[in-house]
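Here is a short briefing to read alongside the model. Have the viewer open and follow the topics one by one.

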Amino acid sequence: MHLLYNIVVHIAAILVKIIANFSPKIKLFVQGRKDIYTRLNKSISKNNNVIWIHTASLGEYEQGLPVIEKVKAEYPDYKIVVSFFSPSGYEVKKNDPIADAIVYLPLDTLKNAKKFIQTLNPKLAIFVKYEIWPNHLKILKEKQIPTLLVSAFFKKEQSFFKWYGGFMRNSLTAFTHFFVQDTNSKELLKSIGYTNCTIGGDTRFDRVSEILERDNTLDFMSNFTKGKTCVVAGSTWPQGHLFLLDFINKNSLQNTKFVIAPHNIKPTQIQELKKSITKKVVLFSEINNRDISSFDVLIIDTIGILTKVYSYANIAYVGGGFTKGGLHNTLEPAVFGVPILIGPIYKGFKEAEDLVQLKGVLTAANKEEFTEKLNQLLTQNTFYQTTAEINKSYVAKNIGASIQITTYIRTLL
């Protein structure tokens, strides 16, 4: 099976080089990997003690960030190297000063894995959530390098727990310890013979809790809301716009403002969105120190400020819940104690599943449900307060995963 895996990886390496001629994203994927050792050689040497953290993409990076920050603070003499698999994470964070070097992970051939790990020679390797690369793990195990999987979330549908999953199950032997998010993940690991496991929770709770400690002030938001009720629709997609815009256009709630932060901020899509709103609407890019307090709707046509915008929300609609695997981050508004509305597809997003069950997150599958539940939150104060407190308490009760992990790391370094 290992031989077959290596053959498939080599074929994939050839295919992505061909596809790169037609896909800008895949082109970044291929070209960025040519720069790995140039970046590493500028930042680390053979004399350095290195801690390597691998993340798939931007979401996993944010998930691992509380651990990275704590490790960096506790081990200032170590070099921190972060690797990404996906361009969507690497291109955004490649110059982040949190690490001494940020690089792509080489494709998982045995030759690549040997060279990469030999170059790093890490004293500790940390993989975030679900990144399982058999050849890199094989070399880590052979070199007896302590390796952790943190914020792991296992499901019975994964190959590890199937009759044909022996090869991938065996790859898990490289991990010194697993820090999983929930009891189910621990039991699944136990069912295939892995007991070196701790229920540590999800480090994203630590990440979002840090948001409360920073200055979230945005002058334009203070000017726009002027103390009125604010509904923030974050990371929205066209499927959700249908219900949201219908509500905005048909309702005359004098004391309610709406902020829409679309996932896609291409100018053509932004202009199309703006034209579909019948109320008085302004784009973030049009503000230029203007007084925007008279506008009903603000469209955020930039990136990087949504988390701070959520701090002004009284109610949040989080987009992506109308397509499989697309729901965006519900923890960012939840940490502010904000009731949340989402679409009907949220399975596989543990925090959303939990909060739907606790009734801090409400789901809507159609226009009627969307309108009914948003009206409930806007008009029924007791219902609103109860829902808000559920979300705030849920986040507060789940912080501390990164402390558990760093405490364990002390036994390894």
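## Surface, cores and salt bridges

Phe-22 is exposed, with a relative accessible area of 71%; here buried means under 20% relative accessible area, exposed over 50%, and partly exposed in between (1.4 Å probe, protein chains only). This is a predicted model, where local features need pLDDT of at least 70, side-chain atom pairs count only at pLDDT 80 or more, and totals for chains, interfaces and linings use all residues. Residues are numbered from 1 along each chain as its sequence is written, and side-chain values use heavy atoms, with hydrogens and water left out.

**The nonpolar surface patch**

- Phe-22 sits in the loop between α1 (2-19) and α2 (24-32); helices (H or I, at least four residues) and strands (E, at least two) are DSSP runs, numbered from the N terminus.
- Together with Leu-3, Ile-7, Ile-11, Ile-14, Leu-15, Ile-18 and Ile-19, Phe-22 forms a nonpolar patch on the surface, with about 830 Å² of accessible area in total.
- Patches are made of residues with over 30% relative accessible area and no salt bridge, joining like charges within 9 Å and nonpolar side chains (Val, Leu, Ile, Met, Phe, Trp, Tyr) within 5 Å; the areas come from the Shrake-Rupley method with a 1.4 Å probe, and for residues only the protein chains shown count as cover.
- In α2, the buried residues are Phe-29, Val-30 and Gly-32, and their cover includes α1, α3 (36-43), α5 (87-93) and β3 (101-104).

**The cores**

- The largest nonpolar core has 65 residues, and Leu-40, Trp-52, Val-81, Val-82, Phe-116, Phe-154 and Phe-178 touch the most other members; such a core is a set of buried Ala, Val, Leu, Ile, Met, Phe, Trp, Tyr and Cys residues joined through side-chain atoms within 4.5 Å.
- Another core lies apart from it, with 39 residues, including Met-221, Ile-287, Ile-300 and Ala-334.

**Buried polar side chains**

- His-54, in strand β1 (residues 50-55), is buried at 0% relative accessibility.
- The side chain of His-54 makes a polar contact of 2.7 Å with that of Glu-131; a polar contact is a pair of N or O atoms within 3.5 Å, where within protein one must be able to donate a hydrogen and the other to accept it, and residues adjacent in sequence count only if both atoms are side-chain atoms.
- Beyond four places in sequence, the residues that His-54 touches include Phe-84, Leu-105 and Trp-133, contact meaning heavy atoms within 4.5 Å.
- Thr-307, in helix α14 (residues 306-310), is buried at 15% relative accessibility, and its side chain has a polar contact of 3.3 Å with the side chain of Glu-332.

**Salt bridges**

- The whole structure has 14 salt bridges, each a side-chain nitrogen of Lys or Arg within 4 Å of a carboxyl oxygen of Asp or Glu.
- One of them joins the side chains of Arg-207 and Glu-69 at 4.0 Å, N to O.
- Because Arg-207 lies in helix α10 (residues 203-209) and Glu-69 in helix α4 (residues 58-74), this pair ties together parts that are 138 residues apart in sequence.
- Arg-207 is partly exposed at 24%, and Glu-69 is partly exposed at 29%.
- Glu-62, Glu-69, Lys-93, Asp-96, Arg-207 and Glu-210 are linked in a network of salt bridges.
- Asp-202 and Arg-204 form a salt bridge whose closest N and O atoms are 3.0 Å apart; Asp-202 is buried at 3%, and Arg-204 is buried at 16%.
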